[in-house]
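Please look over the structure below.

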Amino acid sequence: MNTVFGTGVHFAAEDLVLNIDGTKPLTADTVAAVTAVCDAAEDRADETLVVVQVHGAPVEAWSEDLTVALVSKWERALRRLERLPAPTVAVADGTCGGTALDALLATDYRIATASVRLTVPVGDGETWPGMAVYRLANQAASGSAVRRAVLFGTPIDAQTALGLHLVDEVTDDVADALARTTERTGGVRGSGLAIRRQLILDAATTGFEEALGVHLAACDRTLRRAASGAAA
């Protein structure tokens, strides 16, 4: 049985759990871990919840062995996580930067402990310009704290992250938060979830006329499924 780091909280046997330690450098193994969870979630999307545990942040010189090819594979793995047909819930503890921040921002629902600090890694006098910058800019409710984080590496504490809507709740009772989230997402699974998530992701960059057709297609699909269920 899987356990939340340092809390003694257990997950259900059917849940898929991904542990991302931001203190460790990005490697092919990190990419493989995300890919394996995505494979499993896609195989049983109607009966699973993906829990992503994130914690830790890189130390100085963390990017010395990185290559653009590896970073590209990592970003593509996160994009796949972001589009899964299963709900994804992050549990964040302590300082979260690097791969931990990347994974957090790719999930549907985010539970944070009060100790959480979101950080963009700094190396050689520069912050890391990865896709976390893109997600921070697109997901945050306002820009000032994000601007300081991206430009200067200034941490975003738990309450500020909550106010910016970068996390969904701050709690000392992770077990209760997970139980409520699991119950809330219990009836939402499969391709319908993935479609609605994509509609949200595309909304900021898609014009009304272009979006209308996609939304109408989703509505038509929903109505057809309802009619099929009623007929059965």
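The protein has an average pLDDT (the predictor's confidence in each residue, from 0 to 100) of 87, and 90% of the residues score at least 70. This is a predicted model, where local features need pLDDT of at least 70, side-chain atom pairs count only at pLDDT 80 or more, and totals for chains, interfaces and linings use all residues. Residues are numbered from 1 along each chain as its sequence is written, and side-chain values use heavy atoms, without hydrogens and water.

**Confidence by element**
- Helices are DSSP runs (H or I, at least four residues), numbered from the N terminus.
- Mean pLDDT is lowest in helix H9 (residues 208-231), at 80, and highest in helix H3 (residues 99-104), at 97.

**Helix contact**
- In H2, Glu75, Leu78, Arg79 and Glu82 meet Met131, Arg135 and Gln139 of H4; contact means heavy atoms within 4.5 Å.
- Of the residues in this contact of H2 with H4, four are charged, two nonpolar and one polar.

**Salt bridges**
- The structure holds nine salt bridges (a side-chain nitrogen of Lys or Arg within 4 Å of a carboxyl oxygen of Asp or Glu).
- One of them joins Asp39 and Arg80, with the closest N and O atoms 2.4 Å apart.
- Asp39 is in helix H1 (residues 28-43) and Arg80 in helix H2, so the pair ties together parts 41 residues apart in sequence.

Methods. Helix = DSSP H or I, 4+ residues; strand = E, 2+ residues; numbered from the N terminus. Nonpolar A, V, L, I, M, F, W, Y, C, P; charged D, E, K, R; others polar.
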